[in-house]
Amino acid sequence: GTRLAFRFCFAYFGLYCLCGLIQAVLLIPTVDVPDPGTLWPFRQVIFWVAAHLFGAKLPLVYSGSGSGDKTFDWTEVFCALVVALLATAIWSALDRRRTSYAALHKWFRLYIRFCVAAMIMVYALSKIVPLQMPFPTLRSLLEPYGNFSPMGVLWRSIGASPAYETFAGIAELVPAVLLMFPRTVTLGALVCVADMIQVFMLNMTYDVPVKQFSFHLLLLSLFLLAPQIMRLGNFFLLNRATSPENVEPLFRTPRANRIAVAVQAVLWLWILGNNTYQAWSGWHEYGPGRTKSTLYGIWDVTQMTSDGQIR
């Protein structure tokens with residue numbers, strides 16, 4: 001059962017991260033890295049499935065909408081699920097005698113750690129600055145509350161308190177940093193599960209269109225936590241002694257492991273530096289740090305004079 005679960009998780013999560021999260025790891029300043037799921041051949045397959053299996057009549061929107069719950073996204077998840085089920089069945093038939101996947105699991109966990117931490121870092125720094133939920137615009141401050149959508153209520157209520165938004169961003173940044181280090185992965189995954197439950201419930205109850213995306217981040221966090229589930233159960237529920245976690249090195253030789261640590265450190269610094277740069281640039285370009293007009297404000301004009309004449 002464990003081997004079957006790993007094969008499916010490897011196929012499904014590996015494909016999902018490749019099509020939706022890997023661009024957060026490959027983030028480049030001033031360069032819009034496209035979502036691999038929107039490129040050939042993935043996009044053509046998704047279009048075909050949507051049209052012939054789900055009866056989609058209109059061309060699918062796959063970029064530029066700001067929504068993560070588009071028809072394209074749900075069809076993409078369905079395709080990944082079908083491929084993962086087929087891959088699991090074929091893999092199980094061809095490799096049924098293998099007793100474990102220790103080495104593959106070790107490398108796959110590293111891949112998932114990078115994808116989850118990098119994507120959470122994007123959202124964390126956009127809140128810390130803060131940019132994701134901006135302070136309510138003058139127009140929205142004049143709009144009746146009853147006109148707001150549920151998402152509009154959430155966005156403006158959090159945006160009205162930049163200090164709380166920064167606090168929420170720090171709460172998301174903590175697990176991203178903890179996931180960088182092998183010895184703190186369990187703690188990072190625990191905090192990430194707590195954060196993602198909160199985010200997922202807000203998305204569901206306020207109709208924020210990134211429901212399946214936040215749900216997958218929750219599932220990926222649980223996958224990172226899965227190897228420690230017995231130890232956590234003994235500690236939190238059964239009041240039993242637990243053994244220390246055995247952190248396996250990536251390679252057999254110390255020199256190779258030192259090189260691997262150095263490469264990971266450079267990549268982590270690259271991800272953190274790029275996200276910090278993006279947030280800082282956003283602060284000055286469209287955030288609170290941008291230059292405002294000298295007439296910025298809400299005005300009640302009672303009289304206007306032009307060329308000495310009252311208009």
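This is a predicted model: local features need pLDDT of at least 70, side-chain atom pairs count only at pLDDT 80 or more; totals for chains, interfaces and linings use all residues.
Student: What makes Gln 212 count as buried?

Tutor: Its relative accessibility is 6%, and buried means under 20% relative accessible area, so Gln 212 counts as buried. Leaving out residues up to four places away in sequence, Gln 212 touches Tyr 16, Gly 68, Asp 69, Asp 73, Trp 74 and Val 77.

Student: Which share of the 311 residues in the protein chain is buried?

Tutor: Buried residues make up 37% of the 311 residues, and the accessible surface of the protein chain comes to about 19000 Å², with 67% of that belonging to carbon and sulfur atoms.

Student: What is the extent of the largest nonpolar core, and which residues have the most contacts inside it?

Tutor: The largest nonpolar core has 50 residues, and Phe 13, Leu 21 and Ile 112 are those with the most contacts inside it. The largest share of this core, 13 residues, comes from H5. Apart from its neighbours within four places in sequence, Ile 112 is in contact with Phe 13, Cys 17, Leu 220, Phe 223 and Leu 224. A second, separate core of six residues includes Ile 46, Val 49, Ala 50 and Leu 60.

Student: Why are Leu 53, Phe 54, Phe 78, Val 82, Leu 86, Ile 90 and Leu 94 called a nonpolar patch on the surface?

Tutor: A patch takes residues with over 30% relative accessible area, and nonpolar side chains such as Val, Leu, Ile and Phe are joined within 5 Å; these seven residues form such a patch, with about 710 Å² of accessible area together. One of them, Ile 90, is found in helix H4, residues 71-94.

Student: Which elements does the protein chain have, and how do they run?

Tutor: The protein chain has twelve helices and two strands, and from the N terminus on the elements run α-α-α-α-α-α-α-α-α-α-α-α-β-β.

Key:
Residues are numbered from 1 along each chain as its sequence is written. Side-chain values use heavy atoms; hydrogens and water are left out. Patches are made of residues with over 30% relative accessible area and no salt bridge: like charges are joined within 9 Å, nonpolar side chains (Val, Leu, Ile, Met, Phe, Trp, Tyr) within 5 Å. Accessible areas come from the Shrake-Rupley method with a 1.4 Å probe; for residues, only the protein chains shown count as cover. A salt bridge is a side-chain nitrogen of Lys or Arg within 4 Å of a carboxyl oxygen of Asp or Glu. Helices (H or I, at least four residues) and strands (E, at least two) are DSSP runs, numbered from the N terminus. Buried means under 20% relative accessible area, exposed over 50%, partly exposed in between (1.4 Å probe, protein chains only). Contact means heavy atoms within 4.5 Å. A nonpolar core is a set of buried Ala, Val, Leu, Ile, Met, Phe, Trp, Tyr and Cys residues joined through side-chain atoms within 4.5 Å.
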